Amino acid sequence: MTRQKLRHTLLLFSLLLFPITIWYFSPYLIIQAASEHIMNGSFIVFSLMLILSMFLGRAWCGFLCPAGGLQECALRCNDRPAKQGWRNNIKYVIWVLWIIGIIVTFILGKNGVTIDPFFMTDHGISVASIYNYVIYYGVILLLILPALFHGRRAACHYICWMAPFMVIGSTIGRVLHIPQLHIESSCEKCVSCKKCNQVCPMGLDVTSMVKAGKNSRCTECTLCGACVDHCPKRALKYSWKWSK
Ligand code: SF4
Ligand code: SF4
């Protein structure tokens, strides 16, 4: 369980740093920066998410995301798996409209292209005034309310604007057979005890994926390793090599 303790510790620290880092994940500031042809902090962070996920899948979501840490705190209040299916597609609709907005704003923008990772921060710190705290707690509510009402990491499933970058990146990596961190399963070893379902912070039906041999292709899996660490039959493992 050492890995899960380390993971929870990393998520907690990431959450504590969120007032400093929040602007680097901002879906709004990237549009404001685009209007001035500035590549800001969130542009750089989202680009890195896309590229690194070709090798690391959605490990960012499982180990480092402050929004993930926030929602895992909410597990104490609502531990039900969030309903999925069509709801998981909401985030892709939001993402496409948002990306179109960024592109259109950039095309209509002025000035030469510049890079400013600290755009709209105060010496690199995001929340540096009372006014910014209003926005900060608005974002906190936006992320935590779905988890409180719908269950495990519902904001990741339904509305996260960052997840599609990593889904796209990891899918490209898988299609190109780039060595990528993912979960492999062994149907033969599985005894259907469903411990993996109980511990999955994303509320996924891991057992059914094991039976269907689909763990490595699940785009909602954040590679947290809870299923790997709790499986009594060692039917799940991390892998870099694609077996199929
Ligand atoms: S915990 Fe392991 S043995 Fe139990 S259902 Fe999941 S994969 Fe199968
Ligand atoms: S399937 Fe396993 S690795 Fe993926 S999110 Fe669920 S518990 Fe974590």
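Me: Why is Thr2 called exposed?
Reply: In this predicted model, Thr2 has 7 other C-beta atoms within 10 Å. A residue is exposed if that count is 12 or fewer, so Thr2 is exposed. Thr2 belongs to helix α1. Thr2 and Gly203 are 201 residues apart in sequence, with 21 Å between their C-alpha atoms.

Me: How do you know that the span of helix α1 is close to the expected one?
Reply: Helix α1, residues 2–16, has 15 residues. The expected span is 1.5 Å times one less than the number of residues, and for α1 it comes to 21 Å. From first C-alpha to last, α1 reaches 21 Å, close to that expectation.

Me: Which residues of α1 are buried, and what puts them on the same side of the helix?
Reply: Arg7, Leu11 and Leu15 are buried in α1. They cover an arc of only 70 degrees around the axis, and therefore lie on the same side of α1. The buried residues of α1 pack against α2 (18–21), α5 (59–63) and α6 (66–74). On the face turned away from the buried side are exposed residues, among them Lys5, Leu6 and Phe13.

Me: What makes the phi of Asn111 worth noting, and why does Asn111 count as exposed?
Reply: Asn111 has a positive phi of about 80 degrees although it is not a glycine. Asn111 is placed in the loop between α7 (90–108) and β2 (114–116). Its 9 C-beta neighbours inside 10 Å are to be set against the limit of 12 or fewer, so Asn111 counts as exposed.

Me: Where does Arg234 lie, and why does Arg234 count as exposed?
Reply: Arg234 is found in the loop between α13 (226–230) and β4 (236–239). Its phi is positive, about 50 degrees, although Arg234 is not a glycine. With 9 C-beta neighbours inside 10 Å, Arg234 meets the criterion and therefore counts as exposed.

Me: Why is Leu176 called exposed?
Reply: Leu176 has 9 other C-beta atoms within 10 Å, so by the limit of 12 or fewer it is exposed. Leu176 is in the loop between α10 (163–175) and β3 (182–185). Leu176 and Met54 are 122 residues apart in sequence, yet 9.2 Å apart in space, C-alpha to C-alpha.

Me: What makes up the largest nonpolar core?
Reply: The core has 57 residues, and those with the most contacts inside it are Ala155, Met162, Met166, Cys227 and Leu236. Helix α4 (residues 41–56) gives the most to this core, with five residues. Leaving aside neighbours within four places in sequence, Met166 is in contact with Met49, Ser53, Arg58, Trp60 and Cys61.

Me: How do the residues of the shell around ligand 2 divide?
Reply: The shell around ligand 2 has 10 nonpolar residues, two polar and no charged. Among the surrounding residues are Ile183, Cys200, Met202, Thr222 and Gly225.

Me: Which residues come nearest to ligand 1, and how does its shell divide?
Reply: Of the 14 residues around ligand 1, Cys190, Cys193, Lys195, Cys196 and Cys231 come nearest. Elements giving two or more residues to this shell are α11 (195–199) and α12 (206–212); α12 gives the most, with three residues. The shell divides into nine nonpolar residues, two polar and three charged.

Note on methods:
Residues are numbered from 1 along each chain as its sequence is written. Chains are lettered from A and ligands numbered from 1 in the order in which they are written. This is a predicted model: local features need pLDDT of at least 70, side-chain atom pairs count only at pLDDT 80 or more; totals for chains, interfaces and linings use all residues. A residue is near a molecule or strand if its C-beta atom, placed from the backbone, lies within 6 Å of it. Ala, Val, Leu, Ile, Met, Phe, Trp, Tyr, Cys and Pro count as nonpolar, Asp, Glu, Lys and Arg as charged, and the others, Gly among them, as polar. Helices (H or I, at least four residues) and strands (E, at least two) are DSSP runs, numbered from the N terminus. A nonpolar core is a set of buried Ala, Val, Leu, Ile, Met, Phe, Trp, Tyr and Cys residues joined through C-beta atoms within 7 Å. A residue is buried if 20 or more other C-beta atoms lie within 10 Å of its own, exposed if 12 or fewer, and partly exposed in between; C-beta atoms are placed from the backbone. Two residues are in contact if their C-beta atoms, placed from the backbone, lie within 7 Å. The arc is that of the directions from the helix axis to the C-beta atoms.
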